[in-house]
Amino acid sequence: MKKVSLVKIFKAQVSNTAAEECFAISIPAFISLLLVSIMMISFGFVRSRVQEGMTMSSPNLYPSFGGVLQDIAGKTGDFNVQNGELYMSFNYPRRFESNGWLVVVADDEPATVLDNEQTAAYQPMLILGQNALVISQPATNVVLQGDYRFLGFFSTDELRKITHNVQDMLTYTQAFLFAAATGAIPSSIVAMVLLMGVQYLIFILVAGLLLSVTHRSAMENTDFWRRTTFYSSVKIITVLGCGPAFLLAIISYFKPSIGVTFGWLF
């Protein structure tokens, strides 16, 4: 069986004859092309998610939030995070205002508290739930939810160490917002790529089945039919898919919204 070269794979994007000859592609090359295509198809979604996280982490979207963190440290009582959960002393206030913000300590889900809060439409809020927090700033139309497991050292003790140092407080605030906005990105990217991989694999299998069935009925017992059985057809479709996937990745780099919206058309 003749080895399928990289040049042949490139030619297959524009030549039916070259595409037909790609039925002989090796299993390692077939698997590699499949994985690379999935990565390229997912690129637009991944880039969009990363950009969203980086944008949401900007301190400019949360004016006076650093002052809120300072006031949190100055209240009576203590709190700290252990194993991703927030633990507060009985004497820590459950509701107070700071620098125009409303700080609420809630037993319910922070998002539920935000929906039920009457002033949330115009007043910025920091809601501290048991496993996560929500930062809402209506003035910039931003709602940021972050799990405590991504926030590192978030406790009254740590905050009190830096409240009297402006630069340290500024650095901590930036790191706090960055961790809250981007902490979940790696897991969401993995889930996104897996989902795209499953969808693309289904597409490859269905397209390969249609290709083999078409040739079975039209060209049975011919040499061309033998080269496009189901397994061979799946290989051919995988080779043909890497070209549009690469094109999609290029478009997504310059126009992420187009890549996400029209990805499957490509």
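E158 counts as partly exposed because its relative accessibility is 26% (buried means under 20% relative accessible area, exposed over 50%, partly exposed in between, with a 1.4 Å probe and protein chains only). This is a predicted model, in which local features need pLDDT of at least 70 and side-chain atom pairs count only at pLDDT 80 or more, while totals for chains, interfaces and linings use all residues. Residues are numbered from 1 along each chain as its sequence is written, and side-chain values use heavy atoms, leaving out hydrogens and water.

**Salt bridges**
- E158 pairs with K161 in a salt bridge, with the closest N and O atoms 3.4 Å apart (a side-chain nitrogen of Lys or Arg within 4 Å of a carboxyl oxygen of Asp or Glu).
- R160 forms a salt bridge with D78, at 2.6 Å between the closest N and O atoms.
- R160 lies in helix 6 and D78 in the loop between helix 4 and strand 1, so this pair ties together parts that are 82 residues apart in sequence.
- Over the whole structure, the search finds 6 salt bridges.

**Around S57**
- S57 lies in the loop between helix 3 and helix 4, and counts as buried at 8% relative accessibility.
- Not counting residues up to four places away in sequence, S57 touches L177, F178 and A181 (contact means heavy atoms within 4.5 Å).

Terms used: Helices (H or I, at least four residues) and strands (E, at least two) are DSSP runs, numbered from the N terminus.
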